[in-house]
Amino acid sequence: MALLPATSRFAPSPTGEPHPGTLLSALLVWLDARHDGAQALLRLEDVDHTRSTPALAQAMIDGLAWLGLTWDAVVLQSKRRGAHDAAIDELARLGVLYACTCSRKARAGGRRAADGSLIYDNRCRESVLSAAQWRSSPAALRVCLPDGVVQVRDEGGADLSQAPARDLGDPVVRSNNGAIAYMLAVVVDDAADGITRIVRGRDIAPSTATQVALQRMLGYPTPTYRHHPLLLAAEGEKLAKLHGSYPLSHLRAAGLTAPQLCGMLAALMGLTSEATSTSPDALVRDFSWQRVAADDVAVRFDPAQARLLPV
């Protein structure tokens with residue numbers, strides 16, 4: 001029997017325009033998959049209905065196509081609500097689903113994780129819900145994770161092992177406004193899409209052990225993980241919508257072309273020696289993670305030169 005090809009995915013949240021950080025991550029996911037003959041899916045994680053819109057989802061699709069990235073399938077996370085609810089039913093059947101009524105203010109004095117986020121102290125674990133109860137609960141829903149360390153190693157060698165119940169706290173799987181939370185949705189969708197390989201930014205690495213714990217609880221396979229370096233703003237923050245990023249429409253208005261931006265991203269990551277115009281297709285043959293920069297790179301955009309420059 002022939003083995004099915006590996007399947008990877010790029011899974012952005014369409015809550016704003018694509019920016020250089022988005023495009024870099026998409027490029028690395030795509031190059032990794034195409035170099036190894038794997039399938040590459042685009043999954044739009046659009047379950048946050050307060051911030052995601054169809055127009056922003058289409059802008060993401062169009063921006064990635066503009067850069068020269070093509071996908072084997074495009075999936076909308078919002079179409080998977082039935083599967084998400086079924087997973088919550090299973091967690092309730094296992095006796096690990098509970099209602100959490102704690103406000104952020106009530107937890108403000110608690111411990112903080114290495115990234116500065118509040119560690120939930122699992123104080124509501126006694127409020128267990130059955131499969132017949134959780135849909136009518138107005139509270140946020142959490143999952144009681146097993147105690148102990150979840151052993152995970154990134155393909156690049158980083159040890160991502162954690163005791164997630166202790167180090168981060170039990171995760172929310174449905175918020176109090178009814179929206180499915182990221183931690184559950186990403187695990188369910190990766191299983192539904194047959195994802196065997198995950199390439200994503202290293203800012204998401206701390207969530208890996210929690211996601212692996214959920215995979216094991218739900219009986220899902222665990223993909224391999226690789227976390228890539230990030231583009232940073234000059235102040236050292238991740239280059240993102242909230243921290244001085246540059247929307248793709250601004251880059252294009254300044255005259256930047258897709259081959260130029262692709263070349264700049266490739267050079268910033270060490271894939272090429274100079275920021276000369278290129279395309280994703282042209283980078284595939286020589287792509288190697290050994291050539292990718294080990295560290296995050298701070299950048300700025302010079303509109304006068306229409307160039308993305310290292311700081």
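Here is a short chat about a predicted model, taking in its cores, salt bridges, cysteines and a hairpin.

Colleague: Which element gives the largest share of the largest nonpolar core?

Modeller: That core has 44 residues, and Leu64, Trp71, Leu231, Leu261 and Leu308 touch the most other members. Elements giving two or more residues to this core include S2, H2, H8 and S10. The largest share is nine residues, and they come from helix H1.

Colleague: How many residues of H8 are buried?

Modeller: H8 covers residues 258–268 and is mostly covered. Of the 11 residues in H8, the buried ones number eight.

Colleague: Why does Cys144 form no disulfide?

Modeller: A search of the whole structure turns up zero disulfides. Cys144 is partly exposed, at 26% relative accessible area. A disulfide needs sulfur atoms within 2.5 Å, so Cys144 is too far from even the closest cysteine sulfur, in Cys124, at 12 Å.

Colleague: Which residue pairs with Asp32 in a salt bridge, and in which strand does that partner sit?

Modeller: Asp32 belongs to helix H1, and its partner lies 165 residues away in the chain. Both residues of the pair are buried, and their N to O distance is 2.6 Å. The partner sits in strand S7 (residues 197–201), and its name is Arg197.

Colleague: What is the distance between the closest N and O atoms of Arg80 and Asp189?

Modeller: Arg80 is in the loop between S3 and H3, while Asp189 is in helix H5, 109 residues apart. Both are buried, and both belong to one salt-bridge network that also includes Arg9, Arg43 and Glu45. Their closest N and O atoms are apart by 3.4 Å.

Colleague: Which residue in the turn of the S10 and S11 hairpin has a positive phi?

Modeller: S10 and S11 run antiparallel and are joined by four bridges, with Leu308 the bridge partner of Phe301. Four residues lie between the strands, and the one in the turn with a positive phi, about 55°, is Ala306.

How values were computed
Residues are numbered from 1 along each chain as its sequence is written. This is a predicted model: local features need pLDDT of at least 70, side-chain atom pairs count only at pLDDT 80 or more; totals for chains, interfaces and linings use all residues. Side-chain values use heavy atoms; hydrogens and water are left out. Two strands pair if DSSP finds at least two bridges between them. Buried means under 20% relative accessible area, exposed over 50%, partly exposed in between (1.4 Å probe, protein chains only). A nonpolar core is a set of buried Ala, Val, Leu, Ile, Met, Phe, Trp, Tyr and Cys residues joined through side-chain atoms within 4.5 Å. A salt bridge is a side-chain nitrogen of Lys or Arg within 4 Å of a carboxyl oxygen of Asp or Glu.
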